[in-house]
2 protein chains.
Amino acid sequence: MTGLHTDLYELRMAASYLRHDLNASATFSLFSRRLPDRRGFLVAAGLDEALTFLEAFSFADDELAYLRDVHGFDERALAALAPLRFTGDVRAVPEGRIVFADEPLLEVTAPLAEAQLVETGLLNLITFQTTIASKAARCRLAAGDAELIDFSFRRTHGLAAGAGVARASAVVGFAATSHVEAARRYGLRPSGTMAHSYVEAFPDERAAFRAFAGDFPVNPIFLVDTYDTPAGVRAAVEVLTELGWSGPAGVRLDSGDLAALARQTRTILDTAGLTEVKILASGGLDEEAIAGLVAAGAPIDGYGVGTRMGVSSDAPSLDSAYKLVSYGERPVVKLSPGKVTLPGAKQVFRDPTGTDGDLLGLHTEASPPGRESLLVPVMRAGRRLDTATAAEAVRAARDRFEADLAWLPEPARRLTEPVPSAVTVSSELAGLQEKVTAAVRSGDAAPIARR
Amino acid sequence: MTGLHTDLYELRMAASYLRHDLNASATFSLFSRRLPDRRGFLVAAGLDEALTFLEAFSFADDELAYLRDVHGFDERALAALAPLRFTGDVRAVPEGRIVFADEPLLEVTAPLAEAQLVETGLLNLITFQTTIASKAARCRLAAGDAELIDFSFRRTHGLAAGAGVARASAVVGFAATSHVEAARRYGLRPSGTMAHSYVEAFPDERAAFRAFAGDFPVNPIFLVDTYDTPAGVRAAVEVLTELGWSGPAGVRLDSGDLAALARQTRTILDTAGLTEVKILASGGLDEEAIAGLVAAGAPIDGYGVGTRMGVSSDAPSLDSAYKLVSYGERPVVKLSPGKVTLPGAKQVFRDPTGTDGDLLGLHTEASPPGRESLLVPVMRAGRRLDTATAAEAVRAARDRFEADLAWLPEPARRLTEPVPSAVTVSSELAGLQEKVTAAVRSGDAAPIARR
């Protein structure tokens, strides 16, 4: 029932392809043409939702009626669309893996009309979650050993985007999310403290903290900056001391000079013997602010990261593309200036030692010795191969990210002026590119129809 | 069933309020603390979805079980949440109206726990759609009389965000969207042409154009830049001439020097007598690119605007806030440095002549003569007052935007270094602010509890 989640031109093209018997097997490759500024790498994400989208792809009767009544689709086109399902194969880079520009995140092989119809949905889902995971990964790099918590839900692009952000940030190792529904859906650790309005709702901070610790005695986190941060910390100390507190607890700083206040807070807590009470910081943070606090030696145990991560504020999208690379048995290229594509279904061969850069080759070529292949089959004949639960999928993706993060060469992981790892085209792919380009230029291979 | 679409701390605070009998009527005000750079105004949007969210707000049994099992909510808290619905009143600036920083987009008056629980959802929905409508409005200002088409779906933040963007851009006068499901849902004009892959699928451009015009004879738009733009335009001319075409048709330019190519294209079309064939431009456009093309006198009749509008690339969020302004019968302020709030339920009084700036006053004060009040009641006791269909709501919002756009003073409508209209605090509001601040400072009014 997701058939109308597409651009109108996809529907028109698909109808036209079906009418003109242009429906041989086609392979499309989804990749990012370049990395945004300040990105040394991307983290693949969005695949799980993309496969769900493909499995559900179909047209309900009222959707077909809409196409007929409003768009003038004729009975022949509607008859072709009515039974249409996605029956193709998908190979993809598993979620959580680190990739670079030009490397396919996903390749679809399906009858041309099907592959065309799912373009918009696939680009949307993969681009969005990869954008967010890549931004959140930079927060991870900045934070070192400190915990990260997703606080972004209130300013993501709609409610559904909030769940996507919670998931994408969990993939790159965020420890928890404030978003309750996302936590439930993806098996994430939920986290939540109190707002200033809560503190304001009581006669004073002590009363507020006392009520909160009584109501939520598991790891209460007190927001201490409503009036004056050091005074707020002392109020928290008083309440914890009065309760004879020994379990986990924390204070949250949400404004002011966080580095200086964190040091003051640590001193107050330690002096009171509350050395185990943690300090959490929040308030307009992103990877650069976090890196600044870490560099300043601020004794902060965790960061709540919100809007700037949740919309990837400095680069809210990717220059992603979904390009036809073969049709029927024949590889295809596009030669528009600045937008040249490489022909054929591909594979990325990675040096696990990180010494050499990635090799971008053909799906059909043999892996060079010692190299790992990034794209793996994830769907066959329209059915996903992996039947992990939503929570298992996130955990597996997170494990992959942790392994790739350990692998990631230093120049690519820099926060400032990162240098992505080199991606070299294999000699087989380069040879094919030359051959196909020559054939196109000689007028021998351009059209994929009526051969 | 949207009760878990919230931050965990809202649930904890609500449970705690209910337990401590802090559940008098509270008013929260939702506003943007400042405008992003390069914004002279905001366009209110997202209200319709926000009201839908409020009407649906409730907890299903499995959601309550999740709160018990995973979050340790006790039976008393669950018993309070189980029957909870949003029963409050909402006053808001209708969608499509132009507003400025500090002006409430929406005010909620409800029992404290309810008003607190819906914070995250309301902030999310209003912030997202207002962000996009405000960006898209700048494209409107840049394009003059040319038509604008939303091409953003492939790179919005998820599938649901795509529908939100289509709707928000329609509110500010985009003429059509490529997004089929959004067009269906909101009664928008769908628009779609062909992709390069379609042209590549045929032996040559003529064959592709001929097939397309045959299959979709209502206003076919030919993509002419797959190989060489002037040659593509000549192919379109040949096909249209050969078909004896007289109805609406167009060509789309998607790469290269759009201003120069549009002029060449116009000449080729006019020379062939096809003076009615329109020229559409697309490809990484935003308001600045469009303004450049308009300034260059490019003969372009319509613009397809995609990613940069759909993620509001230069300012993908707003510094929005949802702040308690009164509790029980008493106005409330927050005095944190840089985040001072104004007390009490508010009203915006606008000078319809545009000579004087907006006046930000109290909801209860009389409108100054000749001024219009922007906030109107939209929900009472949890029921929305306006029962327009989705399509009617968009049309009404668009009408309001057109009227406000005509009203908008010149400094605020500039694309470069715009100057927002002044927003002055009324003397009644300023007086109240002084009084409440003094009371807080004297320790006489800070807490809202246990009075």
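These legends describe close-up views of a predicted model. Residues are numbered from 1 along each chain as its sequence is written, with chains lettered from A in the order in which they are written. Local features need pLDDT of at least 70, side-chain atom pairs count only at pLDDT 80 or more, totals for chains, interfaces and linings use all residues, and side-chain values use heavy atoms, without hydrogens and water.

**View 1. A:K135 sits in helix α6 of chain A.** The helix covers residues 119–143; helices are DSSP runs (H or I) of at least four residues, and strands are E runs of at least two, numbered from the N terminus. A:K135 counts as buried because its relative accessibility is 2%. Buried means under 20% relative accessible area (1.4 Å probe, protein chains only). Beyond neighbours within four places in sequence, its contacts (heavy atoms within 4.5 Å) include A:R39, A:E287 and A:D314.

**View 2. Helix α12 of chain A spans residues 258–271.** The expected span is 1.5 Å times one less than the number of residues. Among its buried residues are A:L258, A:L261 and A:I268. The buried residues of α12(A) pack against α11, β9, β10 and α13 of chain A. Just after α12(A), A:G273 takes a positive phi of about 80°.

**View 3. Chain B can be laid on chain A by a turn of 180°.** The shift along the axis is 0.0 Å and the RMSD is 0.0 Å, by least squares on C-alpha atoms of residues with pLDDT of at least 70 in both copies. The two copies are thus related as by a two-fold rotation axis. The same surface serves both copies: of the contact residues of chain B, 100% recur in chain A.

Notes
Buried means under 20% relative accessible area, exposed over 50%, partly exposed in between (1.4 Å probe, protein chains only).
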